[in-house]
Amino acid sequence: MNPRLRYLAMVHGVGAAALRWQRLQAARRLARAARRERPHQGPPLRSGARLKELIARHYLAARYAPGARPVAWVTSGAPSEFLVALGYHLHYPENHGAMCGIRRVADADSEVAEQAGFSVDLCSYARTDFGAIRGGPSPAGGVPRPDLLVCCTNICQTVLYWYQEVAAHYEVPLVVIDTPFLYRESGPTEHDLAFVERQIEEAIAVAERVARRDLRPAALERTVARARDAVDLWMRVLESTRARPAPMTVFDAFIHLAPIVEMRGTPEAVDHYAALLAELEARARAGIAAVKGERLRLLWDNLPVWPRVRWLSELLARHGAALVASTYTQAWGELRDWIDPAHPLRSAAQTYLRPILNRGTGQKLAAMAAMARDWQADGAILHSDRSCKPYSIGQVDQARLLAREHGVPALLLEADHNDTRAFSEEQATTRIEAFLESLESRA
Ligand code: SF4
């Protein structure tokens with residue numbers, strides 16, 4: 001069958017109907033779970049059923065996209081609006097990696113990568129991806145073959161070498177958008193902005209060539225406007241946890257993060273966050289707590305420990321501790337003021353130069369101190385992520401300064417976002433419980 005027809009039939013026809021059915025089933029399961037009392041946690045979010053459907057549809061589209069739509073692989077912080085406006089299907093290896101982590105197959109992928117010669121010291125997302133493209137397990141049934149790779153260095157330099165490896169593996173073009181690091185609190189200079197804007201223009205030219213179509217300015221403006229709306233709603237979702245008790249925790253935010261990363265610029269992402277926000281506002285009005293008897297409010301720094309998200313959320317809830325804010329989930333929301341659909345390229349340069357990982361460690365400390373104040377946090381857990389060095393650098397000083405200068409005690413928790421071999425539940429339990437006890441004794 002013609003790939004385009006097969007795509008339409010499977011994604012919009014049969015597949016859409018099957019996913020709607022699955023969503024109804026998921027909604028029923030969630031409703032049943034909401035009626036069952038959980039000892040330490042409030043009822044699960046109903047929006048989880050819609051999220052499941054969105055993600056399933058995204059990966060269903062990925063399966064049938066090659067040959068029917070151009071496919072681009074993109075780093076999580078890269079300007080992607082021009083690709084959405086050009087009709088690309090976007091695949092984010094980091095999101096796929098997170099899914100492998102949650103489903104606990106990331107270690108198996110890492111082992112495939114390590115057997116192929118990649119170092120265990122590489123980022124565990126990169127190893128998960130190298131394993132998945134070599135036939136390792138994937139909860140999505142595999143990854144789509146790319147036509148184009150777009151890599152932005154605003155999160156780390158690892159992605160540059162990672163994408164060079166993927167480009168060699170699939171023999172496809174790679175576009176790199178290099179972002180100067182922002183040491184100054186004053187933000188990017190005019191030279192920084194012009195440098196990034198020029199690279200985005202060049203990336204658009206390559207993407208147009210690969211997709212064999214021209215980018216229409218109106219389509220780009222519309223996509224950027226949707227991205228701005230989704231980012232704004234996402235930030236309001238995160239701000240809902242300022243309520244006491246918090247209607248959701250950062251663990252929910254970790255799970256609902258996927259659309260803002262991989263569906264930014266689409267109507268689906270806007271609709272999802274509008275519905276999630278409405279649900280959270282209703283829960284806050286009704287006083288429904290994510291953690292029953294919330295006594296402690298905590299910040300989180302760095303990526304989640306994906307394979308242990310549920311375990312950690314239950315452990316904290318048992319002690320009445322709600323994780324209410326995190327630098328990681330805010331990384332997309334805090335950029336909302338820079339997105340301007342009327343000037344899509346200049347605004348992309350402004351926005352994509354500013355992710356937290358492209359700014360000095362002092363700026364991250366200031367952001368955490370402000371979060372602790374605004375979310376009334378009693379303490380902070382700084383995940384020292386073995387394989388994400390750029391996010392973990394400076395945390396020893398940040399923990400000390402948070403406590404000394406801002407009165408926010410902080411725990412450094414050694415783990416890895418995907419590699420369970422670098423994590424001990426027993427050790428983590430002892431350290432977290434001792435930390436929570438010390439916070440309770442201060443209260
Ligand atoms: S090193 Fe960190 S920032 Fe870079 S890809 Fe890995 S997790 Fe992301």
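Two helices, H7 (158–170) and H17 (389–392), each supply at least two residues of the shell around the ligand. The structure described here is a predicted model. Among the residues around the ligand are Glu-94, Cys-123, Tyr-125, Thr-158, Val-159, Pro-390 and Tyr-391, and, sorted by class, this shell contains 10 nonpolar residues, 1 polar residue and 1 charged residue.

| Element | Residues |
|---|---|
| Strand S5 | residues 296–301 |
| Helix H13 | residues 309–318 |
| Strand S6 | residues 321–326 |

Together, S5, H13 and S6 make a right-handed β-α-β unit. The strands S5 and S6 run parallel and are joined by 5 bridges, and within this pairing Leu-298 stands opposite Leu-323 in S6. Is strand S6 enclosed or open, and why? Of its 6 residues, 6 are buried, so S6 is largely enclosed by the rest of the structure.

Which residues does Leu-276 contact, once its neighbours within four places in sequence are left aside? They are Ser-47, Val-237 and His-256. Leu-233 is 43 residues away from Leu-276 in sequence, while in space the two are 9.0 Å apart, C-alpha to C-alpha.

Key. Residues are numbered from 1 along each chain as its sequence is written. This is a predicted model: local features need pLDDT of at least 70, side-chain atom pairs count only at pLDDT 80 or more; totals for chains, interfaces and linings use all residues. A residue is near a molecule or strand if its C-beta atom, placed from the backbone, lies within 6 Å of it. Helices (H or I, at least four residues) and strands (E, at least two) are DSSP runs, numbered from the N terminus. Ala, Val, Leu, Ile, Met, Phe, Trp, Tyr, Cys and Pro count as nonpolar, Asp, Glu, Lys and Arg as charged, and the others, Gly among them, as polar. A residue is buried if 20 or more other C-beta atoms lie within 10 Å of its own, exposed if 12 or fewer, and partly exposed in between; C-beta atoms are placed from the backbone. Two strands pair if DSSP finds at least two bridges between them. A crossover is right-handed if, with the strands pointing away from the viewer, the path from the first strand over the helix to the second runs clockwise. Two residues are in contact if their C-beta atoms, placed from the backbone, lie within 7 Å.
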